[in-house]
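Q: Please take a close look at one helix-to-helix contact in this model. A connected account of its residues, its geometry and the confidence behind it would be welcome.

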Amino acid sequence: MSATAKTPARRRRMPRAERERQMIGVAEAVFAERGYSAASMDEIAERVGVSKPMLYEYFSSKEGLLLACIQSARAALREATQEAVLGATSAEDALRKGLLAFFAFIRDRRQAWSLLRHEMTLIGTSAADELEATRQQQTDLIAALMGGYLAAEDAGLLQAMAEFVVGGCERLAIWCEQNEQVTPEAATDYAMKILWGGMRHLAQQ
């Protein structure tokens, strides 16, 4: 080798957490494109640029990788919702900001939403439990948030209200998916017109 020849640069070793996020991002896309049943670990590994055994080392199984995708989406949804309501000045303001964050999340994380929307009835109970945990997370957040603003001494009323909001918004999100011209802002306006009427009297007490 001549004195001027250069030694090939070493490829940077990606930190485990960064590699895991990359795998989850690619898997989310493949699951959404192919469907959970048709998606293969081979394709996911190829797109990531790692070996299939490495995928199994990180997630144990295809279902384990799916669970990681759902958990990642849940954490991101929680963060988006919590950040959105910071600085809210009233119950109405907090509800509107939280709803807008949810509908914007559904639009921006379309692949994750598509995966949950279309595949949950076809996969195992572990994944179904993860989806329910996502619903419960949002229900608890809403109940706690509204409890700080509304004059509702009945904890059951707050919980029922939160369940109603989460269930209704989930259905509204499906409708938005089928009607792409409906923006997150429009969906929020619709939801507020329906939901706030029933909550307003509690804020005035």
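A: In this predicted model, helix 1 contributes Arg 19, Gln 22, Met 23, Val 26, Ala 27, Val 30, Phe 31, Glu 33 and Arg 34 to its contact with helix 2, where the partners are Glu 43, Ile 44, Arg 47 and Val 48. By class, the residues of this contact comprise seven nonpolar, five charged and one polar.

Two packed helices are described by the distance between their axes and the angle between them. For helix 1, spanning residues 16-34, and helix 2, spanning residues 41-48, the axes come within 9 Å and cross at roughly 130°. The crossing of helix 1 past helix 2 is right-handed.

As to confidence, helix 2 has the highest mean pLDDT among the elements of the chain, at 96, whereas helix 6 (residues 110-119) has the lowest, at 70. The chain as a whole has a mean pLDDT of 84, with 86% of its residues reaching 70 or more. Over residues 7-11, pLDDT stays under 50, and the model shows zero contacts beyond four places in sequence for that stretch.

Key: Residues numbered from 1 in each chain as written. Predicted model: local features only at pLDDT ≥ 70, side-chain atom pairs only at ≥ 80, totals over all residues. Heavy atoms only, no water. Axes fitted to C-alpha atoms, helices over the stretch in contact; angles between N-to-C directions. Helix = DSSP H or I, 4+ residues; strand = E, 2+ residues; numbered from the N terminus. Left-handed = near helix turned anticlockwise from the far one by under 90°. Contact = heavy atoms within 4.5 Å. Nonpolar A, V, L, I, M, F, W, Y, C, P; charged D, E, K, R; others polar. pLDDT = per-residue confidence, 0-100.
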